[in-house]
Amino acid sequence: MYSEKVMEHFRNPRNMGEIPDADGIGTVGNPVCGDMMTVYIKVKDNRIDDIRFKTFGCGAAIATSSMVTELAKGKTLEEAKKISRSDVADSLGGLPKVKMHCSNLAADALHAAIEDYEKHKGTKR
Amino acid sequence: MSGAKRIYMDHAAGMPVDPRVIEAMLPYMKSLCGNPSSVHSFGQEARQALEEARTKVAESINAESNQSIIFTSGATESNNMAIKGVAHRNQNRGRHIITSSIEHMSVLNPCKFLMTKGFKVTFLPVDQYGFVDLTSLEEELTSETIMVSIMYANGEIGTIQPINEISQMVHRKNAYLHVDAAAANGQVPIDVNDEGIDLLTISSNDMYGPKGVGALYIKKGIQLAPLIHGGGQERGLRSGTENLPGMVGFGKAAEIAKEEMSTESERLKKLRDKLIKGLLDPIPHSFLNGHPTKRLPNNAAVRYSFIEGESILLDLDMKGVAASSGSACTAKTLEPSHVLRAIGLKHEEAHGSLSFTLGRQNTEEEVDYVIRIMPDIVKRLREMSPLTPKELME
């Protein structure tokens with residue numbers, strides 16, 4: 001059902017956890033749908049210096065969260081904004097069709113975190 | 001990964017075929033190749049084997065005669081035959097059918113199909129344990145009601161319905177009672193006479209027989225329209241050359257189940273109760289699905305807050321354990337199980353549900369292993385979940 005790469009990220013998720021003093025936080029999905037994820041970012045010199053996630057959901061939801069943190073880490077905010085849902089799925093060697101829509105929310109969570117950062121930039125959180 | 005260890009606890013989804021059943025089937029797949037409808041000795045031998053199998057299936061549910069058993073291709077066909085067959089043949093008596101909201105899709109969808117043909121269908125609610133609401137049943141039964149279809153037990157949450165009580169209510173209104181026993185047959189004793197069942201769906205694979213064969217018990221005198229028209233086999237109710245090896249295997253499986261049921265169900269109940277306790281006691285925010293005692297001997301259904309069922313299944317699978325979940329993420333429809341919704345669980349509660357269904361080859365050692373690995377699986381996923389309260393992880 002899942003690619004080996006998806007399973008590998010599910011088994012050993014990268015960058016799992018929270019950043020207590022995050023510069024931006026993005027949450028998408030909700031528990032009613034079965035998938036919910038929060039992405040935390042720390043920004044330094046316009047780059048994503050640190051990134052963490054927390055996810056409630058299926059194997060695909062957890063693997064895409066892990067993958068998006070890998071793709072975004074070290075990128076400029078402009079580069080990170082360009083990371084799309086299909087980039088995440090492609091980097092995982094594809095996702096089952098039925099999961100593409102419901103569980104592939106990680107890029108949205110990343111974008112929400114960046115938006116949150118930009119909205120609060122310069123203001124004390 | 002734990003290497004070679006593989007533990008199968010998903011018997012509600014499919015069962016292995018008992019080696020004694022395979023043994024009984026083999027001659028009918030090798031040399032004996034007559035058609036039961038043929039006049040010659042080959043055909044007559046096949047006919048005899050078929051009727052013996054029918055008798056064994058009939059005896060396993062205490063049917064009055066082996067002529068009340070119609071072989072089908074499985075529980076789905078039996079349910080379709082019962083519901084559409086009775087409805088079509090008896091619509092002059094009324095066009096109302098009652099069923100419950102936790103039935104198998106092979107009951108619910110034929111009922112919904114009949115609604116498009118002008119039948120009225122009532123879907124009874126169930127309580128938190130999954131018991132059909134008998135007050136509603138009493139209220140909904142009218143002179144227009146031709147049939148009530150209620151499952152013997154639910155495979156997902158294990159709840160066993162009070163069939164006797166239901167039967168009395170249904171018969172007071174002169175309706176027929178159809179019971180889908182696919183999840184219950186082979187697990188608990190079923191007596192169609194004693195329990196007042198008019199039509200009963202049973203399936204071979206759910207009692208360690210081959211897949212692709214089932215039966216519908218039809219009480220003498222009940223008329224129904226066939227689904228499959230053809231050469232008139234199975235009293236004209238189910239045409240098509242008989243699946244003889246399957247039927248012989250089903251017969252053998254029914255015979256074994258009848259002989260071994262009381263010992264085996266006692267053994268399974270002990271394992272089930274140990275498993276349930278072990279899945280719940282060490283883990284906070286964990287709950288039982290279904291009723292503590294009025295449940296199938298092999299069913300342990302639980303749910304864990306803050307985590308999702310498919311990821312639990314994947315973690316279990318990595319450790320060699322096969323179970324199932326009512327989470328939306330494991331369904332083709334992306335909706336959580338209708339059974340879990342009907343017992344009143346919220347979507348997010350249904351997502352964290354897990355069913356273990358035990359079988360003949362499961363051992364106490366295997367149950368201990370599952371109990372041992374579960375807390376770490378729940379902990380790992382809860383650590384990842386944004387829903388987990390902070391104090392729980394400290």
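**The domain interface in chain B**

Tutor: This is a predicted model. Between domain 1 of chain B and domain 2 of chain B, about 2,300 Å² of area is buried, and carbon and sulfur atoms give 59% of that area. On the side of domain 1 of chain B, the residues that lose the most area to domain 2 of chain B are Met261(B), Leu296(B) and Arg360(B), which together make up 31% of what that side buries.

The two parts are defined by the domain assignment of chain B: domain 1 covers 7-14 + 261-393, and domain 2 covers 19-257. The contact between them takes 28 residues from domain 1 of chain B and 32 residues from domain 2 of chain B. Their C-alpha centres lie 29 Å apart.

Next come the polar interactions. Across this interface the rule finds 0 salt bridges, but it does find 10 residue pairs in polar contact, both residues at pLDDT 80 or more. On the side of domain 1 of chain B that touches domain 2 of chain B, two or more residues come from each of α7 (244-280), β10 (299-304), α9 (338-342) and β12 (353-357) of chain B. The largest share of that side, 4 residues, comes from α9(B). By type, the residues of this side divide into 11 nonpolar, 14 polar and 3 charged.

Now the chain as a whole. Chain B contains 11 helices and 12 strands. Its C-alpha trace spans about 75 × 55 × 35 Å along the principal axes. A compact globule of 394 residues would have a radius of gyration near 21 Å, so the 22 Å of chain B agrees with that expectation.

Chain B also has a contact with chain A, which takes 26 residues from chain A and 22 residues from chain B. The area buried there is about 2,000 Å², with 69% given by carbon and sulfur atoms. Phe10(A), Val32(A) and Phe56(A) supply 28% of the area that chain A buries against chain B, more than any other three residues.

Between chain A and chain B the count is 2 salt bridges. In a salt bridge of 3.5 Å, N to O, the side chain of Lys390(B) meets that of Glu18(A). The rule also finds 12 residue pairs in polar contact across the interface of chain A and chain B, both residues at pLDDT 80 or more. The side of chain A that touches chain B divides into 16 nonpolar, 5 polar and 5 charged residues.

Key:
Residues numbered from 1 in each chain as written. Chains lettered and ligands numbered in written order. Predicted model: local features only at pLDDT ≥ 70, side-chain atom pairs only at ≥ 80, totals over all residues. Heavy atoms only, no water. Domains from an automatic or database assignment. Contact = heavy atoms within 4.5 Å. Buried area = accessible area lost by both parts, 1.4 Å probe. Salt bridge = Lys/Arg side-chain N within 4 Å of Asp/Glu carboxyl O. Polar contact = N/O pair within 3.5 Å; in protein donor to acceptor, adjacent residues only side chain to side chain. Nonpolar A, V, L, I, M, F, W, Y, C, P; charged D, E, K, R; others polar. Rg over C-alpha atoms; globule rule 2.2 N^0.38 Å.
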